[in-house]
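I opened the model today to look up how its chains are built and how two of them are arranged. My notes are below, in the order in which I made them.

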Protein chains: 4
Amino acid sequence: MEHTYRLLISCPDKVGIVAKVSQFISDHKGWLTEASYHSEADSGWFFMRNEIRADSLDLNLQQFTAAFESIAREYQMRWFITDSTAPKKIVILASHASHCLADILYRWHSGELHCEIAAVIANHDNLRSMVEWHDIPFHYIPVEKGNKQRHFDQVETLLSKYQAQTIVLARYMQILPSALCQQYQGQVINIHHSFLPSFVGANPYYQAYDRGVKLIGATCHYVTADLDQGPIIEQDVERVSHRHNKDDLVRLGRDVEKIVLARGLRYHLEDRVVIHGNKTVIFD
Amino acid sequence: MEHTYRLLISCPDKVGIVAKVSQFISDHKGWLTEASYHSEADSGWFFMRNEIRADSLDLNLQQFTAAFESIAREYQMRWFITDSTAPKKIVILASHASHCLADILYRWHSGELHCEIAAVIANHDNLRSMVEWHDIPFHYIPVEKGNKQRHFDQVETLLSKYQAQTIVLARYMQILPSALCQQYQGQVINIHHSFLPSFVGANPYYQAYDRGVKLIGATCHYVTADLDQGPIIEQDVERVSHRHNKDDLVRLGRDVEKIVLARGLRYHLEDRVVIHGNKTVIFD
Amino acid sequence: MEHTYRLLISCPDKVGIVAKVSQFISDHKGWLTEASYHSEADSGWFFMRNEIRADSLDLNLQQFTAAFESIAREYQMRWFITDSTAPKKIVILASHASHCLADILYRWHSGELHCEIAAVIANHDNLRSMVEWHDIPFHYIPVEKGNKQRHFDQVETLLSKYQAQTIVLARYMQILPSALCQQYQGQVINIHHSFLPSFVGANPYYQAYDRGVKLIGATCHYVTADLDQGPIIEQDVERVSHRHNKDDLVRLGRDVEKIVLARGLRYHLEDRVVIHGNKTVIFD
Amino acid sequence: MEHTYRLLISCPDKVGIVAKVSQFISDHKGWLTEASYHSEADSGWFFMRNEIRADSLDLNLQQFTAAFESIAREYQMRWFITDSTAPKKIVILASHASHCLADILYRWHSGELHCEIAAVIANHDNLRSMVEWHDIPFHYIPVEKGNKQRHFDQVETLLSKYQAQTIVLARYMQILPSALCQQYQGQVINIHHSFLPSFVGANPYYQAYDRGVKLIGATCHYVTADLDQGPIIEQDVERVSHRHNKDDLVRLGRDVEKIVLARGLRYHLEDRVVIHGNKTVIFD
């Protein structure tokens, strides 16, 4: 994996931003391996992602941050820079369904997803062996009827302990408390098993079956306090027909869920996503 | 085009239906060019489509109908049989947007869609020349503010006059009165410019833009008195990204709308659709 | 899983086949859960798949076979009947790439693929731990330069020992000897990492990159003595662009390979495939 | 339509190109509406497209060209700049199949494709009325057996007369002479009715049918002297099955051809394509 810095910027659009930023990078000998720009006419907002070869720069990350600050202030930028060789710490929340979890674990294990999976937390114990085979800590935290908060308190403690930077809800099936959504804003990624905004909430495949749709889908999105309303990262669909019963939809949907979550998570881990309001800019 | 009879059946499922029907066809020397069956476990309902070479049968359509009646009664069938060489009469309702209308006209003109386009009715006059070039009558029936019913009365009169068997709403943008929906139940085909049930009602592309979806779609469905709630015939989607503004969504959507309507209409014209409750069985 | 019998038939087309077969099934009280028919005008050939609830029939499999023989002879049928509760024994051949193997193992382990994975044979040892975690025997049979036949001899011995009914080449990367292809005709399933017939042979993603295609694909097919020329079961594609380098194509291709192989293998295991000449009829 | 200048650049990659170009634009008050960059590690080549609001610049097109020349020389750029309000003159070459031609005419007529269709030349006369309804000159230039050159000579004369900047082969079905390919290098766009490199040459749908592929496709590419080998602009596919005969493939293929050609042509007309060797960079 190449050692690069990823510089992400969003700011009000005006003449000269690209010139200013690229001149700064060029002045410090930065070699761009990727550069993506987006100007949104509706909102008058500008978005930018630069990926720079670390070994080409005459600044390290700390020096870059300090030196860039005056430009950022001048253009009222929201910005951050990350190091491609510093994997994000992620914690996965799961329930008893294995497909999304197994898929992420496989992609991580085979070197396709660059991250550190700090732990898996589940409200069922059935996936322990699969997780532990990967040498990843597994925490079984049941959800008690009438005392869900106890579960979430324990989850919160573990998230802190593992210093989670990104939380993946891999068919977790619990609604995160607002406070947790706030605390980890823009860092909690969910896979919803429908093509949102269709079929919000429970049993989307059954809803889809009853409506007689000809395509089913899945949606990877950031979690906010509003259920299934957060910024969408990725979606995809699969064709179905009258020949498919409810179980078939569930089965076919699993493959869409896996791939949509994997793509969405990858965008996030590679710092390709800028959240703006309730929407995302994806520099793929 | 081959001369065939198309026999469509739906009935409560039980042992022996296929045997009974296919024995009847075989007894009358019928050569099957297509045969499709569907058994729906949930509802306990059975669906069947047989396409039979007309020249192989020792019965004509009228004789077939009479002879088959006793089987139909025995199995409580809803059924009909059509002649592939008798094109359905269709009337197209349009507004000022041309893409769906032009697409249907082209497919008809080039011999791809087997139907008789009896007339086009529109509440704007801008598409007259395009329609009349095809030697199809064009009726401009404006919609007056405060007196929409006058428009629908004239439309109804024309539908009767032309003996319309199928009505296509090619981006007609008006909500048909319930009475008309009832009268032409299962014969009115609409193209909605979203992936239903997402974005019911007006301006679906703007709704899609504001929600930040990553795919836009279109839905071809039978019209019922409930807006955008009728049985879905066909759907498809197209990928979009943050780079696309509202106008881009509208433009990209046009291609999906055209193809989804064309597919749905084709299924209908070839008698490949069985409506069952609020869903469809499509024998493609 | 429902207990059914699957009756697959192909024969020269003529009037009355469906009637004959469905009458036979009906006479023996058979309840059809699925019935699919295909008549190919070009070749004058007829194809049929019936899935019958085992508990509805007044015959067991052996009795059915005996009783059906006279019809089969009369219509010159190639046919077979299988029991849905008797899983096929499969042996997987792999190399060092893990993605297809891991995907099949997962689907089997989670109950999605109904089969018995008798063993995995690989010419590298790196996947042993993953396979053995599933309690499946793993055989490391290296390929020696200059003496490949020794490898194939050992493979053949193991296939016999395990009584393999289906052999899956999960990115095996070796060309099976003609004799083995012959012996297991119609039972060896390969995943080729291109959209055949494009990019036959080695390094298809590199070929695709050099040609500048805008979609890459994968093909699941039966193996014959002609390299990458056997009957195609399933194909799919994924969009790529100039932004993707060779490694990206390999990575994106893995997901297509996995899903195409999984679908193709499922069709095969559920007896949904009829091979006819160098093509397949898939009763999905 | 917004009035913009489109600046397209390709050159050997090095540090500072973006800075240099964007500083130049910024110095002249240029407001970027789109900016896209691509760096190809394999070839060490850099590609860039900037779209600049014309009314923001303090230079007109001629002044820009003169002023930018020294930067272009310094970085050994191949480059050009175009005016979005100056539509390209295109000439369409057709045969007797109408679908691609009708689709382009419709998109042009409805204002979706920004170009000037100077003329249509066909080797059959059947499409005259459709073309002339659009007030576009139609030239019937038959191909005589044994004297094809006569046809091409007349075509060449007409291309010169109409000062064609882009030539669209809309299912033209003739192989252009090498000399013409050379003369209009990078300006002749063809739609091939297969997913290249599969099924080069004649009757690709029949080849596809015989091979039993599960997807058919279409390819839009620049024409070079090597048949069906030129740089690919766009491709897409459509699912088919054993239920589709050769005529079905042809019919389904028409829709893919239309949409692939329309997309490819749009990219070309909006100056979104950079040809590099035998590949394209598409700034969509």
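The entries that follow go from the sheets to one helix, one histidine and a pair of chains.

**Ground rules.** I am working with a predicted model, in which local features need pLDDT of at least 70 and side-chain atom pairs count only at pLDDT 80 or more, while totals for chains, interfaces and linings use all residues. Residues are numbered from 1 along each chain as its sequence is written, chains are lettered from A and ligands numbered from 1 in the order in which they are written, and side-chain values use heavy atoms, with hydrogens and water left out.

**Sheet, chain B.** I took helices (H or I, at least four residues) and strands (E, at least two) as DSSP runs numbered from the N terminus, and counted two strands as paired if DSSP finds at least two bridges between them. Within chain B, strand 5 (residues 88-94) and strand 6 (residues 115-122) are parallel and share 7 bridges, and I noted Ala94(B) opposite Ala122(B) of strand 6.

**Sheet, chain C.** Here too I read an open sheet of 7 strands, ordered 7-6-5-8-9-10-11 with mixed pairing. Strand 7 and strand 11 (232-239) of chain C have a single partner strand each, so one side of each is left without a neighbour in the sheet. Neighbouring strands are turned by 20° against each other on average, direction ignored; axes are lines fitted to C-alpha atoms, for helices over the stretch in contact, and angles run from 0 to 180 degrees between N-to-C directions. Strand 5 (residues 88-94) and strand 8 (residues 166-170) of chain C run parallel and are joined by 5 bridges, with Leu93(C) opposite Leu169(C). Helix 5 (residues 148-161) of chain C packs on this sheet and makes about 160° with the direction of strand 5 of chain C. Helix 8 (residues 246-269) of chain C also packs on the sheet, at about 155° to the direction of strand 11 of chain C.

**Helix 5, chain D.** Which residues of helix 5 of chain D are buried (under 20% relative accessible area, against over 50% for exposed and partly exposed in between, with a 1.4 Å probe and protein chains only)? I listed His151(D), Phe152(D), Val155(D), Leu158(D) and Leu159(D). They cover an arc of only 120° around the axis, taken from the directions from the helix axis to the C-beta atoms, which puts them on the same side of helix 5 of chain D. Thr157(D) and Lys161(D), on the other side of this helix, are exposed.

**His134(C).** I located His134(C) in the loop between helix 4 (128-133) and strand 7 (138-140) of chain C. His134(C) is buried, with a relative accessible area of 11%. Apart from neighbours within four places in sequence, His134(C) is in contact (heavy atoms within 4.5 Å) with Leu105(C), Trp108(C) and His109(C).

**Chains A and B.** I superposed the copies by least squares on the C-alpha atoms of residues with pLDDT of at least 70 in both; chain A can be laid on chain B with an RMSD of 0.0 Å by a turn of 180° and a shift of 0.0 Å along the axis. The two copies are thus related as by a two-fold rotation axis. In chain A, the C-alpha nearest that axis belongs to Ser198(A), 2.4 Å away.
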